[in-house]
Amino acid sequence: MAKITFLGAARTVTGSKYLLEAGGRSLLVDCGLFEGSEELKQRNWERLGVDPATIDWVLLTHAHIDHTGYLPRLVRDGFRGPIYSNAATHELCALLLPDSAHLQEEDAEFAAKKGYSEHKPPLPLYTVPEAQTALERFRVISRLEPFTISPQFSVRPHDAGHILGSSWLELTITENGKQTLVVFSGDVGRYDQPILKDPEPPRHADFLLCEATYGDREHPAGSVEDELADIVNRTAQRGGALVIPAFAVGRTQLLMYYLHKLEEQRRIPHLPVFVDSPMAINVTALYASHHEDHDAEFSALELTGDHDPLNCHEVHMTRTVEQSKAINDVVTPCIIISASGMITGGRIKHHLARRLPDSRNTVLLVGYQAEGSGGRLLLEGAKYLRLHHEQIPVRAQIVEMGQLSAHAGKSELLRWLSLIQVKPRQTFLVHGEPNALDSLRTAIATEYHWPVIIPDYRQSFDLSV
Ligand SMILES: [Zn+2]
């Protein structure tokens with residue numbers, strides 16, 4: 001009998017892992033890391049609940065670490081099968097997994113110094129060489145064509161519009177001559193966003209797994225271009241710098257796209273733009289090269305001779321630490337985009353230490369800011385921010401733009417589901433905090449009258465009924 005077990009992203013937004021069993025074989029859809037609180041991160045160290053050596057295949061929806069970051073550990077603990085993903089997801093993972101390993105190693109070193117780890121000596125969850133070993137197990141499958149994994153499992157990927165390479169999956173399980181269609185939403189992107197295609201909607205599902213990250217929220221409706229132009233112009237007129245903490249995948253490319261467009265339309269001056277993150281530079285190159293993911297507008301730009309719509313007039317890509325530090329000497333108006341997006345680490349810290357004390361400057365926060373992060377403290381009006389063991393006075397203007405999210409808001413999720421005519425036998429809501437899950441469950445029950453379950457961590461369900 002076909003069965004699904006929720007090994008992550010159950011009543012929380014990270015750790016996506018769904019185990020499918022049929023005909024004595026097993027397939028893991030996504031293999032994400034738990035992130036956030038210490039309690040959640042501790043789950044990465046617990047036994048998986050299934051012996052990795054008994055899993056036959058892994059199939060990925062997209063490259064984000066909360067969907068792929070457990071892969072090195074899975075391989076280290078005995079998984080020997082292929083990891084199926086499309087080319088863009090594979091190339092992003094080749095950047096993100098070693099970076100994740102590097103962060104795990106740093107955490108272990110830090111714990112060793114502070115002497116608070118349970119492991120003696122403190123160990124990383126996995127190492128950079130272990131991430132490289134996991135990458136060797138990747139097998140690239142077609143972006144959108146159906147693919148047969150085994151007699152039990154076949155998959156058809158569709159555009160999810162969330163990040164480069166992101167897919168939702170139509171998985172057909174065949175057992176005893178009977179076919180069951182399971183739809184995995186992965187993470188659903190937004191409609192009418194530049195660069196990537198809109199999410200394609202599913203039309204039928206026997207069982208549906210739907211993400212609910214923004215299940216209780218809508219994104220602000222204001223025009224990104226108007227707001228961004230206003231922020232850039234006000235900062236430039238004061239003679240200040242605009243500092244933007246941004247995640248390397250997706251957000252940095254969207255910002256570059258909008259800044260480029262505003263420059264072309266002469267709505268903002270040509271300012272030097274510093275992209276100060278080696279990861280972001282590499283990811284931007286991938287965004288430019290994967291034409292199969294580009295929407296019509298973006299493809300048309302490239303055709304009309306706008307060869308570099310992800311680059312501004314005067315862009316400086318800084319890879320080395322020396323180049324990064326040299327940005328501190330720039331005294332004329334400029335724009336600095338650097339990671340991490342929530343000011344939890346990375347080069348953004350030294351830019352903020354330099355720019356926060358000056359009231360001419362602006363810090364623009366463009367993504368979700370988790371509780372306790374530097375970004376959240378700034379939003380809450382902190383007068384000082386602790387950076388590199390120093391209390392830095394906050395005099396720069398702090399502004400926020402919520403429109404650049406990569407996740408569908410509540411009504412966009414409902415829109416994505418709206419073409420399913422026959423109600424699924426069961427809908428499982430995953431990848432959300434409790435309020436978001438409850439809110440989306442109520443909305444689906446009210447609007448579509450479908451049965452909806454919010455599964456628990458490690459809960460299993462029979463898919464043959
Ligand atoms: Zn994602």
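This is a predicted model: local features need pLDDT of at least 70, side-chain atom pairs count only at pLDDT 80 or more; totals for chains, interfaces and linings use all residues.
Glu21 stands opposite Ser26 in β3. The two strands concerned are β2 (residues 18–22) and β3, which run antiparallel and are joined by five bridges; strands are said to pair if DSSP finds at least two bridges between them. Strands here are DSSP runs of type E with at least two residues, helices are runs of H or I with at least four, and both are numbered from the N terminus.

Residues are numbered from 1 along each chain as its sequence is written, and side-chain values use heavy atoms, with hydrogens and water left out.

To return to the hairpin of β2 and β3, two residues lie between the strands, and Gly23 takes a positive phi near 55°. On the subject of β3, this strand also pairs with β4, in the parallel sense, over three bridges; Leu28 stands opposite Val58 in β4. Four of the five residues of β3 (residues 25–29) are buried, so the strand is largely enclosed by the rest of the structure. Buried means under 20% relative accessible area, exposed means over 50%, and partly exposed lies in between, with a 1.4 Å probe and protein chains only.

I turn now to the metal. Which protein residues are the donors of the zinc ion? They are His62 (NE2), His64 (ND1), His162 (NE2) and Asp187 (OD), lying 2.2 to 2.3 Å from the ion. Donors are N, O and S atoms within 2.8 Å of the metal, or 3.2 Å for Na, K and Ca; water is not among the atoms, so sites may look incomplete. The angles among the four donor atoms run from 90 to 164°, and the site is irregular.

Along the chain, the donors follow the spacing H-x1-H-x97-H-x24-D. His64 lies in the loop between β4 (57–59) and α2 (65–68), and Asp187 in the loop between β10 (178–184) and β11 (207–211), so this pair ties together parts that are 123 residues apart in sequence. Asp187 is buried, with a relative accessible area of 1%. Asp192 is also placed in the loop between β10 and β11, but Asp192 is exposed, at 65% relative accessibility. Its phi is near 60°, a positive value in a residue other than glycine.

Finally, the cysteines. The structure holds zero disulfides, a disulfide being a pair of cysteine sulfur atoms within 2.5 Å. For Cys31, the closest cysteine sulfur is that of Cys93, 10 Å away and too far for a bond. For Cys334, the closest is in Cys312, at 12 Å, again too far for a bond. Cys31 is buried at 0% relative accessibility, and Cys334 is buried at 1%.

Note on methods: Four donors count as tetrahedral if all angles lie between 85 and 135 degrees; four count as square planar and six as octahedral if opposite donors are over 155 degrees apart and all others between 65 and 115; anything else is irregular.
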